[in-house]
Amino acid sequence: MIKKLCDKLGLPFNLFFGYMGLIFFMLGASIESSWFSSYLVSNGYEIRMASLVFTLYGLSVAFFSWITSFLVAKYSIRKVMSWGIWIYLISTIMLLISLETSLVLGTIVSYMLRGASYPLFAYSFLIWITLTTNKKELGKATSWFWFSFNMGMTIISPTLASFLLNYLDPNMILILGILFVLIGGTLSLKVNRTKTDNKLSSNSLIAEMKNGILVMKDYPILFIAMVVKAINNIGQFGFVIMMPIFLIDKGFTLFEWGTIWSTTYIVNSFAGLFFGFLGDKYGWQKIVVYFSGTLTGISCLLIAFVTYKYPGNYLLLLLAFIVYAFGIAAFGPLSALIPSLVPEKKIEAISVLNLGSGLSNFVGPILITFLFQSFGGEFVLIVFALLYFLGSVLSTKLKVPQENT
């Protein structure tokens, strides 16, 4: 029955429990993301310092997103996913101790280490999908990856956290995250028995990393792809820092923000599946060019307009974020498009894709760090809008080889 449903939905049945595990892992790994910036500020951190915590976290995410494919090539998919689980457990214990003892440096270091955990787990699984899925089905398979990824990180996580904050101490919520991560790891690595290649390369890790840099020199189209992918989620990782602070000053509550954010990604997840199917049928690049940066850029301007002109209007803000949800979903085909740009260098192309994904975690927070406190939220939203429009323009260059002939 499950196999028939998977076949109908375009979800690889052999990796079904891997997708389920990804949902639980991302739920646990991001259970603090919707409230942590507000928590730090309420506990004496300056806004700029709280943003710095997220910026350094994003830097860690970016680095480990980039090297994940090299680690997989050297050590195997399952082993690298296991490392992600162990790093999460160690960093969470360190973070709890640091928060309990008000150790600022400890909070920064432990949260940076936490930033290594989900790229190792999630992007290793994305490689697993990419290497085992037929190219004609790859758009749907990767859209299901992002569906599962966002289901855990940006739908269930903020909704559950908003509810639990009424009953539990924040530290207890972090402890609960450990349980979800362990469930996710068990489903993905124990229940899911699909075989993977133990190693994909005999090169040293340094040699793999060197190839990952040189490939963007040899194939400049991959550098453009990295920039577009980095622009993709600057809002996702910038908004979780800025909005809990910005929206309170605009007449909204943290609960309203949590429900808006989770609703945004409920819409985004189904829109992502829609664009994945559409991309397989009509072309991945067309979806990215026409809908991604265009809709996200417009949505940022709408959010700025609503918060300025109609502060406290929940419905209008929700509608603006729904436009954002569709725009972000239209970036989804990049996960199929980028590895197809240079088919003879698929592992290196995946590393570029992962690097771009990780850079979103860095670029979004660093823009908040330097712009939000000095110029305000409306200015940040205008900058984000311009970057998103740039993303659509740059994506016109991302043509797969057969489109160039």
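Mentor: Welcome! Helices here (H or I, at least four residues) and strands (E, at least two) are DSSP runs, numbered from the N terminus. This is a predicted model, where local features need pLDDT of at least 70, side-chain atom pairs count only at pLDDT 80 or more, and totals for chains, interfaces and linings use all residues. Residues are numbered from 1 along each chain as its sequence is written, and side-chain values use heavy atoms, with hydrogens and water left out.

Trainee: Where is Val80, and why does Val80 count as buried or exposed?

Mentor: Val80 lies in helix α5. Buried means under 20% relative accessible area, exposed over 50%, partly exposed in between (1.4 Å probe, protein chains only). Val80 has 0% relative accessibility, so Val80 counts as buried.

Trainee: Which residues is Val80 in contact with, leaving aside its neighbours within four places in sequence?

Mentor: Contact means heavy atoms within 4.5 Å. On that basis, Val80 touches Thr68, Leu71, Val72, Leu120 and Ser124.

Trainee: What about Leu103: why does Leu103 count as buried, partly exposed or exposed?

Mentor: Leu103 sits in the loop between α5 and α6. Its relative accessibility is 45%, so Leu103 counts as partly exposed.

Trainee: What makes α5 and α9 roughly parallel or roughly antiparallel to each other?

Mentor: Axes are lines fitted to C-alpha atoms, for helices over the stretch in contact, and angles run from 0 to 180 degrees between N-to-C directions. Angles under 35 degrees count as roughly parallel, over 145 as roughly antiparallel, 65 to 115 as roughly perpendicular and the rest as oblique. The axes of α5 and α9 (residues 170-191) cross at roughly 175 degrees and come within 11 Å. The two helices, α5 and α9, are therefore roughly antiparallel.
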